[in-house]
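Colleague: I am new to this structure. Could we look at it together?

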Amino acid sequence: MPKRVESFTPENYPLKFQEAVQKLFLYHWNVAQPELKKLALNSDQEMFYFEETMLMLMNWTNQFIEQISGVIKEKKIPLQDAFFQLIPLREQEFTSSKLSVHGFIDAIYTFGDEVHIIDYKTNAEFEIKEGIKLQLGVYSLLYHEKHGILPSKVGIFFLRHKLKMMNVDEELLNSALKEIEAVHAHTSKCGHIDEYPAVPSRLCKWGTGQCDFYEACKPFGENGKNNGKGNGKN
Ligand code: SF4
């Protein structure tokens, strides 16, 4: 994509971005055909998932076009420069031995002095619930521990809807810290593996991958049958 953007003009870039994302999606959908076949979807189901994914991608693209238009207007810079300014750091891994927490942050943007952290979700609801706030609070703590500064904003890109951001404040950080402490207090009291029954689901293993804890958890037992005694905490 970065190479292709050089040929986009101020007149045609909205259409060109939409076209480029559609082409990329079609390309990857075709590449994934052998894996998709393993899901044994009928043609209606496959069409449903194709259209749903395309819709989410177009939502993202339209928001990106708005964002890039805003940057061009505000900073009075060429399209290509605005594009490079809007490339986030992606899927960064963060680990804290102090908090005993580990996670991957989907996108990290730097706008001048401000850092914004974004997670992508395909949820049907368009609401930042308590569980999501906790996740964003934990990401803020992880970022702070690694870089010594707090992100200014965190948010969720609800791919079926739009981006929703919130400020990083003391309340968000303190409730994340309290929750982490509560989990550690609980886990240090409960030491036996039977107290952590696995909850096997389609998130354990899929065509192209598996949960990071699959080997340790063995959610389907040694022989592939669910014995419900893994370490799963999902
Ligand atoms: S922790 Fe275990 S049960 Fe949970 S998703 Fe991973 S493999 Fe499955």
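**Domains and strands**

Modeller: The centres of domain 1 and domain 2, taken over C-alpha atoms, are 26 Å apart; the bounds come from an automatic or database domain assignment. This is a predicted model, in which local features need pLDDT of at least 70 and side-chain atom pairs count only at pLDDT 80 or more, while totals for chains, interfaces and linings use all residues. Residues are numbered from 1 along each chain as its sequence is written.

Colleague: How many residues does the contact take from domain 1 and from domain 2?

Modeller: Domain 1 gives four residues and domain 2 gives six, where contact requires C-beta atoms, placed from the backbone, within 7 Å.

Colleague: Where does each domain lie in the chain?

Modeller: Domain 1 covers 2-85, domain 2 covers 89-189 and domain 3 covers 193-234.

Colleague: Turning to strands, in which sense do strand 2 and strand 3 pair?

Modeller: Strand 2 (residues 101-111) and strand 3 (residues 114-121) are antiparallel, with five bridges. Pairing needs at least two DSSP bridges between the strands. Helices (H or I, at least four residues) and strands (E, at least two) are DSSP runs, numbered from the N terminus.

Colleague: Which residue in strand 3 is the bridge partner of Tyr-109?

Modeller: That is His-116. The two strands form a hairpin with two residues between them, and Gly-112 in the turn has a positive phi of about 60°.

Colleague: And how many bridges join strand 3 to strand 4?

Modeller: Six, and strand 3 and strand 4 (residues 153-158) run parallel. Ile-118 stands opposite Gly-155 in strand 4.

Terms used
Contact = placed C-beta atoms within 7 Å.
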